Amino acid sequence: MNWIILIIAGLFEVAFASCLGKVKETNGNEMYWWFAGFLACLTVSMLLLIKATETLPIGTAYAVWTGIGAVGTALVGIFVFKDPASFWRVFFICTLIGSVIGLKAVSH
């Protein structure tokens, strides 16, 4: 169950990073709404990470959480913010996914 909580925490990390990207693109009241979303997603992500680390090793949980956030944010950047999707960028995103899966496989 804590692996599911950790995955959800990672998805909220993607959400807070995406909100931060929208804060940069907007101004006025809209910027404040995106910033409020950033704070809300950041809070939920951290609370879920804390919950997941009650039974999972902290090093593994943090690496998986960060990996989910990095991969998810890179994909949001490519598909939403129109970041470049070069071969090497996609290659290293794939290696990061492999590393996260490997950490899950070797954790006890």
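Between which two helices is the loop that holds K82 found? The loop lies between α3 (residues 58-79) and α4 (residues 87-106). The model is a predicted one. K82 is a residue other than glycine, yet its phi is positive, near 60°. Most residues other than glycine have a negative phi. K82 has a relative accessibility of 64%. K82 therefore counts as exposed, since that value is over 50%.

The overall architecture is helical. The protein chain holds 4 helices and 0 strands. Read from the N terminus, the order of elements is α-α-α-α. The C-alpha trace spans about 50 × 35 × 15 Å along its principal axes. Of the 108 residues in the chain, 34% are buried. Contacts were also sorted by sequence separation. Among those with a separation of 6 or more, 73% join residues 24 or more positions apart.

The surface and the charges were examined next. The accessible surface of the chain comes to about 6,700 Å². Carbon and sulfur atoms account for 75% of that surface. The chain carries 6 positive and 5 negative side chains. The centres of these two sets lie 5 Å apart.

The entry lists residues 33-50, 62-81 and 87-106 under "transmembrane region". Two of these spans were compared with the model. Residues 62-81 are 90% helix and 0% strand. The C-alpha atoms at the ends of residues 62-81 are 26 Å apart. Residues 87-106 are 100% helix and 0% strand. For residues 87-106, the end C-alpha atoms lie 29 Å apart.

The largest nonpolar core has 16 residues. W3, L6, F16, A52, L56, V64 and W65 touch the most other members. Helices α1, α2 (residues 28-52) and α3 each supply at least two residues of this core. Helix α1 gives the largest share, 6 residues. F16 is one of the core residues named above. Beyond its neighbours up to four places away in sequence, F16 touches F38, C41, L42, S45 and W65.

C41 lies in helix α2. Its relative accessibility is 13%, so C41 counts as buried. The C-alpha atoms of C41 and C19 are 8.6 Å apart, and the two residues are 22 residues apart in sequence. T43 also belongs to helix α2. T43 has a relative accessible area of 43% and is therefore partly exposed. Its C-alpha atom is separated by 9.8 Å from that of A9, which is 34 residues away along the chain.

L56 is another of the core residues listed. L56 sits in the loop between α2 and α3. With a relative accessible area of 10%, L56 is buried, because buried means under 20%. Its contacts, apart from residues up to four places away in sequence, are N2, W3, L6 and A61.

N2 is found in helix α1. At 16% relative accessibility, N2 counts as buried. When residues up to four places away in sequence are not counted, N2 touches K51, A52, T55 and L56. Two of these contacts, A52 and L56, are among the core residues named above.

S18 is placed in helix α1 as well, which covers residues 2-25. Its relative accessible area is 16%, and S18 is therefore buried. Aside from its neighbours within four places in sequence, S18 is in contact with V76 and F81.

Notes:
Residues numbered from 1 in each chain as written. Predicted model: local features only at pLDDT ≥ 70, side-chain atom pairs only at ≥ 80, totals over all residues. Heavy atoms only, no water. Buried < 20%, exposed > 50% of the residue type's maximum accessible area, 1.4 Å probe, protein only. Contact = heavy atoms within 4.5 Å. Areas by Shrake-Rupley, 256 points an atom, 1.4 Å probe, with all protein chains shown as cover. Lys, Arg positive; Asp, Glu negative; His and termini not counted. Charge placed at Lys NZ, Arg CZ, Asp CG, Glu CD. UniProt positions renumbered as here; feature names shortened; annotations may be inferred. Core = buried A, V, L, I, M, F, W, Y, C linked by side-chain atoms within 4.5 Å.
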